[in-house]
Amino acid sequence: AQDIPANRKVFVLCGTESYFFPTDEVGEVFQVTLPHSTRQVEVKVLSNTPRLLQVDNFLSDEECEQIIGSAKPSMKRSTVEVKDDGGKTKEHVDRTSTTAWLY
């Protein structure tokens, strides 16, 4: 096992992949290669508590268009967490957004 300097931390995400963040210094910026890609993104540490990272250009323009295209056919008026007499969530005049769940 490789020794990790005391001023560096490792963060592991559950699943099949783990990630090493080379810093925990607020304001520091580092490069990360995205999984299953050769594209690198710039990551900036905004806060440690809670852990908050800013990832610029996380999705490419093409990836954004693909997500939007996948969602459009499923867009429905958003509901509020108020149940009607049948126990279903219902629409409310103050809630005007639309939502689509992508699986």
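R39 counts as partly exposed, at 26% relative accessibility (buried means under 20% relative accessible area, exposed over 50%, and partly exposed in between, with a 1.4 Å probe and protein chains only). This is a predicted model, in which local features need pLDDT of at least 70, side-chain atom pairs count only at pLDDT 80 or more, and totals for chains, interfaces and linings use all residues. Residues are numbered from 1 along each chain as its sequence is written, and side-chain values use heavy atoms, with hydrogens and water left out.

The structure holds one salt bridge (a side-chain nitrogen of Lys or Arg within 4 Å of a carboxyl oxygen of Asp or Glu). E63 pairs with R39, and their closest N and O atoms are 3.0 Å apart. Because E63 lies in helix α1 and R39 in the loop between β1 and β2, the pair ties together parts that are 24 residues apart in sequence (helices, H or I of at least four residues, and strands, E of at least two, are DSSP runs numbered from the N terminus). E63 is also partly exposed, at 32% relative accessibility.

## The nonpolar core

F30, V32, L34, V41, V43 and V45 make up the largest nonpolar core (buried Ala, Val, Leu, Ile, Met, Phe, Trp, Tyr and Cys residues joined through side-chain atoms within 4.5 Å). Strands β1 (29–33) and β2 (40–48) each supply at least two of its residues; β2 gives the most, with three.

## F58

F58 is found in the loop between β3 (51–56) and α1 (61–71). With a relative accessible area of 48%, F58 is partly exposed.
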